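Me: Please take a close look at a single part of this model, and walk me through the details in one connected answer.

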Amino acid sequence: MFDFLKTLDRRWIFLAMLLAVSLPILAQKTFPEQPTLHVRNVFQKIEDLPEGSTIMISFDYDPGTTGELGPMTTALLRHCCLKRHKMLFLTLFETGSPVIDQAIKEVIEDEFAELELKSGEDYVNLGFKPGREVIIAVIGLNLRQAFPSDHSRTNLDDLPLTKNIVNLQDLDLILDLSAGYPGWKEWVQYAASPYGIPFAAGVTAVGAPQAYPYIPGQMLGILAAVKGAAEYEAALGEKYPKYRDPKLNEGIRRMAPQFWGHLLVIGLIVLGNCIHFADRWRGTP
Amino acid sequence: MKSTIPWLIAAATGFVMIAAYFIPAAQGWQGEVGTWFEILAAFAFVLGGANLFAYHLGKISARRAGWGYSGVTLVAFLVTLAAGMLKLGVPAPDRYPTNAWAGDFQFEGSVSWWLYWYLYNPLNATMFALLAFYVSSAAFRAFRAKNTEATVLLVTAFIVLLGRTYAGAWLTSSVPENYSALTFPGMTAIILAVGNTAGQRAIMIGIALGVAATSLKVLLGVDRSYLGSDGD
Amino acid sequence: MVLALWGFGSIESARAQDAALAAPTGLKAVDHPNDVGTSVDLTWTLSVDDNARAQPRVVNGYEIYRSLVDGDEREMVGEVPYGVEKFTDQQCTAGVPYLFEIISVGTGEQRSEPARLAKPITPIRQWIDRSRAWFGVIVVLVCGAVILFTRLARFGKATYVREIAGLQAIDEAVGRATEMGRPCLFVPGLQDMNEIPTVAGINILARVARTVAEYDATLTVPTARSLVMTSARETVQASCLAAGRPEVYDENLVYYVSDEQFAYVAHLTGYMVRERPAACFYAGTFYAESLILAETGNSVGALQIAGTAEASQLPFFVAACDYTLIGEELFAASAYLSREPQQLGSLKGQDAGKLLAGALLIVGCALATWAALAGNGSPAESMLVFLKDTILGRGGAG
């Protein structure tokens, strides 16, 4: 047994992880969530902005990280719609444009259909523009230099929402949903910090520790991966009782597989160390 | 001359951009230079595409290990290219009803749209999801309490792993609210906000200075190894 | 005429005015500092009807209008929601005097009387951004230190550099690959040549390629950017030349794969499993793929050396690789490997920058502690505010 564990084929570990993640998905069990300070800060900022404030949301991710960033996208858009904020969408990822289309369809057009939010008036999809951080630097000074028109090729001067927006400095808040580069760090360097624009980000789990040093000076807070989304959903549920239903909260539902995944990793670390100390006790190299 | 002229261009551009940072009228130059880089990078796509073709064709013709995958790569490349450039399945937009090519290549229902949602999306998500499996195998293999530092790392990881799920909250649910810092979520918050932040800042300062010094060496021509050869 | 334009008759939008809706008061305008003279900052006191808690809300927002002093070219330049007391008009022309007015907006067509600016404001162009002056001082100090120590090194002043295990292991890794008859793999990361970590990675490639040429081993360099491929080819060719073995250079071994992150990763892991390289080098910028690459390399028994400036990926490389260059070590690699006095001198310049950062940290902590103990209005608080907002403030941080 000891030799089996010592030379454990990693495919057994892969199988255990598959079961730890997939069985809770099938079981659909959820756990309660408590919003932490950084998530609450983001929630409160959006809540406290006067209705009709202008928020830019940059979808800097692609399908690879939709699993982590998708639930928080829904929760943030949902909150913006509830507060009737005006929204500007863009992406700096080549493959991010369809993700914006999907979010608009699912949240603005389907879930909040009764509000009859209009493209150009209540929200504008600027789409994708190549240039990474250069685009942020450019629109910090002149939005039209990078985006003369929206995604459907309508001139920004002809859209009620954008006709008086010169650059990022005219926005009330910037939110970045960030999977890596270009992402939250570039938004801090080229927009939030130089112009003092309120800024918050939703990040992948692995990127979160790097973002902490920027709070609260350059970032209001962060939503870290599925856990951050679940906490945001919990905060939304506290304020708007309709959103306490787990069926509406993808983040909370995805925390169950994460729960068992974490326990498995802890178990593997303990097992690995047991083998390590048993080895030392036996005197084997 | 091979490295001197590129260095002179790099140095002149670099120093002008540093000065421009302090002049309001020139702050837009950063965007201009970036746009020029993007134009260059766009041309480089042609170079990349040609190289991709040459490499995989060579591999197929030589029947080297994995040549079948090269075949799949080339077919995928050509199909995606054709679907995007020819706008296959894209209807004519309302504004230009007689010209289908004026439509968005990612229009819902088009071939590009289909490739994106039913091939690219699941493939990409699958690759990212592999991380969960690699993390678990790395945790088992490498996370050992071999010395004091490794033990500290291990204990920290243990607390954060528990603190980021309901398990941590449940295990320490009996701790009074006044002592919430002693719960797993509380300890996790402190580790991330204090220990992690301090360490990250130190690493970032080092990296920022490293970037500044390397940039300066490039601008001053002290280090030209990235240009291929130090000699002229 | 002016009165006619600016008074009650000036509502060319034909919106009805309602005397019941109170206008904002105290409209003030100042030239926006440190710009090209295109912006004016406006502030006002909210309308007395602007109560965020009122249901239904009386004031929904404000409209801001701008015109020339003679009343011509009057246009709406912005709208802000209720509760907002400031606005920056960024569409002015430098040197032109303007007048502004602001109107409360209620439900439907309800508008208040306008609150007008008492006297015209003229935006002025500034030639230097003074908010960045302290940042300029820091740039001069850090860059000056790097240049100074580089010059000193040129005149023969010795520089001590601590040993970096990961760089010392390059020879061992390549030697191992040669003995085993298996290739070496060099991965320069995901970013393009405009990113300094990629340049640092290519500098390490120069040394690896030279060692490979000397040992007569094989080196494969798949890249995620075609410009990186071009640069890597130049570098590998130059290294083969420097090693006295130009004939071993094969440009087909330095090739482009894909800009797409996971397509690149799929190729690299496939290559590792098929070709089983004996040594893997990762130097540049890495994201989620770091652990996938390092674990796959580990599974094929490769000796792995990694270096990245992405702090979030360091734990994965540390866990799965044999040696890891942490952050600044990646940038020091070029100097360390070349042993050129000038390059080594630049490392000492970096240390001077670290000393400056450390000194600022200590001064900041001391001032913050003093300010906390001394209370509001103390000299320590003023100094702390000056340090935070002026020296390290927005202009500097930007």
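Predicted model: local features only at pLDDT ≥ 70, side-chain atom pairs only at ≥ 80, totals over all residues.

Reply: Residues are numbered from 1 along each chain as its sequence is written, chains are lettered from A and ligands numbered from 1 in the order in which they are written, and side-chain values use heavy atoms, with hydrogens and water left out.

The surface comes first. M1(A), F4(A), W12(A), L15(A), L18(A), L19(A), L23(A) and L26(A) make up a nonpolar patch with about 890 Å² of accessible area together. Such a patch is built from residues with over 30% relative accessible area and no salt bridge; nonpolar side chains (Val, Leu, Ile, Met, Phe, Trp, Tyr) are joined within 5 Å, and like charges within 9 Å. Accessible areas come from the Shrake-Rupley method with a 1.4 Å probe, and for residues only the protein chains shown count as cover. Helix α2 (residues 10–27) of chain A gives the most to this patch, with six residues. Helices (H or I, at least four residues) and strands (E, at least two) are DSSP runs, numbered from the N terminus. L26(A) sits in helix α2 of chain A and counts as exposed because its relative accessibility is 68%. On this scale buried means under 20% relative accessible area, exposed over 50%, and partly exposed in between (1.4 Å probe, protein chains only).

Next, the backbone. Q28(A) lies in the loop between α2 and α3 (37–48) of chain A. Its phi is near 60 degrees, a positive value in a residue other than glycine, and at 63% relative accessibility Q28(A) is exposed. E116(A), in the loop between α5 (97–111) and β3 (123–128) of chain A, also is not a glycine and has a positive phi of about 50 degrees. At 58% relative accessibility, E116(A) is exposed.

Two peptide bonds are cis. One joins Y181(A) and P182(A), with omega about -10 degrees; P182(A) is in the loop between β4 (173–178) and α8 (184–195) of chain A. The other runs from I215(A) to P216(A), with omega near 0 degrees, and P216(A) is in the loop between α9 (208–211) and β6 (222–224) of chain A.

Now the salt bridges, each a side-chain nitrogen of Lys or Arg within 4 Å of a carboxyl oxygen of Asp or Glu. K6(A) and D279(A) form one at 3.4 Å, N to O. This pair links distant parts of the chain, 273 residues apart: K6(A) in helix α1 (residues 2–6) and D279(A) in helix α11 (residues 250–282) of chain A. K6(A) is partly exposed at 37% relative accessible area, whereas D279(A) is buried at 11%.

K227(A) and E33(A) meet at 3.0 Å, N to O, in another salt bridge. K227(A) is in helix α10 (residues 225–239) and E33(A) in the loop between α2 and α3 of chain A, 194 residues apart. K227(A) is buried at 9% relative accessibility, and E33(A) is buried at 13%.

R254(A) and E250(A) form a salt bridge at 2.8 Å, N to O. Both lie in helix α11 of chain A, four residues apart, about one turn of the helix. Salt bridges that share partners join E33(A), K227(A) and E231(A) into one network.
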